Amino acid sequence: MRTLNQDNIHKRLKPASFVRSFSLLKSFSEKKDFAGWDPYDGLNSRLFQSLPLVRDSRFCRLAWIQFFKKSPINFRRIAGVPEQHNAKGLGLFLSGYAQLYRADPRPEYKEHIYYLADKILTISSKGYSGYCWGYNFDWQARAFFQPKWTPTVVATSFVSDALLTAYDVVPEQRWLDAAVSSTQFVLKDLNRTYDESNGSFSFSYSPLDQTRVFNASLLGGRLLGRVFAYTKEDPLRQEARKVMQYACNHQRPDGAWAYGTLPYHQWVDNFHTGFNLECLHQYQQYTGDSSFQPFIEKGFRYYLDNFFTKEGIPKYYDKAIYPVDIHSPAQLIATLYKLNRIDQHRDLAEKVLNWTINNMQSRKGYFFYQKKRFLSSHICYMRWAQAWMFYALTYYFISLNTKEWTNEL
């Protein structure tokens, strides 16, 4: 296990050093067939499912999930939680391999693209208006319960985005068709909350709830915008714009967004802020509508000023560093790349990657879940950690605009 090396915090790693880190991660993920555990998969426990009185209790489901999510010790093997494929995780890996193939069209990358894309299609959720995806585990939230495979706008957006990225480099029509179809799930199966003053609205997280979570709704809007770029169906652009407007109407004067509108959703965190920014920017990119640029600029300033320390530590919350979640450094790279600002802020990107590799990557290649002030979680999660860092590092490499790094993979 790596420990913090103060001498290396300020040392800028060369791309070759990042390649070595990425190669370890890539090898580990491929050996695991991109399957693994998840922070929220506790209810997949065979032990838990064998206890009907416990299994059917909302309180017990919530407590069980939180225990597995927060425990620094991994009890999943003992409790009978299997390592499985997760659709969103597969989508992140697919996006990464498509980016690698775009930069260096190796047959092995193409094989992974076909394997991941077709695996994704086989685990789509059935019975909805279009292609859609959920998670491979039951999930109890405060407000609602979602059985496994219940489709969500977040999973569907990331998976469809990955299929379109794959289609851009390997034009398989079935991948485009699935992504286009997924807009029907977003438009017809998700619930909406309207702002009657201007007609803007927020998509729900899933067909089973009425929550108003800004990043989730924006991801749905981004998907509509990206598919519009292929089909030129104007209703997609029109509905996407209403989603963007709703979120911008709820941006704070200082540029921040709370997680959502409910009283217990009023925190401001790192990676969901990154989601919001990239969705707004990419909506503009796909549709040509630049009217939300002032909101992006204000939010981007808040993002850079409040979520990264001078040592390169990616903070979880705007007001607190810990827990340092692996999702935060990964999202920084994706946000900078997608907003076309990674060259402008490469020092920050490399300082954060440097800190993350030194503090949150095991010698086996996988990245840890969270680093806390006293008791960190070194559990290996495939979707939450490995898929996200794979996705992020591929964006970092292609941003270099050179093929020198490809020789080392």
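Guide: Two strands pair if DSSP finds at least two bridges between them; helices (H or I, at least four residues) and strands (E, at least two) are DSSP runs numbered from the N terminus. This is a predicted model, in which local features need pLDDT of at least 70 and side-chain atom pairs pLDDT 80 or more, while totals for chains, interfaces and linings use all residues. Residues are numbered from 1 along each chain, and side-chain values use heavy atoms, without hydrogens or water.

Visitor: Happy to start with the sheet. In what order do its three strands lie?

Guide: Strand S5 (324-325) and strand S7 (377-380) are the edges, as each pairs on one side only. The sheet is open and its pairing antiparallel, with the order S5-S6-S7.

Visitor: Which residue of S6 is the bridge partner of Asp325?

Guide: S5 and strand S6 (residues 368-371) pair in the antiparallel sense over two bridges. Helix H16 packs on this sheet and touches both S5 and S6. In S6, the partner of Asp325 is Gln370.

Visitor: Is Cys380 buried or exposed?

Guide: Buried means under 20% relative accessible area, exposed over 50%, and partly exposed in between (1.4 Å probe, protein chains only). Cys380 has 17% relative accessibility, so this cysteine counts as buried.

Visitor: While we are on cysteines, how far from Cys248 is the nearest cysteine sulfur?

Guide: With a disulfide taken as a pair of cysteine sulfur atoms within 2.5 Å, the count comes to zero. Cys248 counts as buried because its relative accessibility is 3%. Cys248 is in no disulfide, and the nearest cysteine sulfur, that of Cys279, lies at 11 Å.

Visitor: On to the helices, then. Which helices are among those covering the buried residues of H14?

Guide: H14 spans residues 293-306, and its buried residues include Ile296, Phe300, Tyr303 and Leu304. Their cover includes helix H13 (270-287), helix H15 (327-338) and helix H16 (346-360).

Visitor: One last stop, at Val180. How far apart are Val180 and Val227 in space, C-alpha to C-alpha?

Guide: Val180 lies in helix H10 (residues 173-189) and, at 26% relative accessibility, counts as partly exposed. Contact means heavy atoms within 4.5 Å; leaving aside neighbours within four places in sequence, Val180 is in contact with Val227 and Thr231. Val180 and Val227 are 47 residues apart in sequence, and their C-alpha to C-alpha distance is 6.1 Å.

Note on methods. Expected span 1.5 Å × (residues − 1). Axes fitted to C-alpha atoms, helices over the stretch in contact; angles between N-to-C directions.
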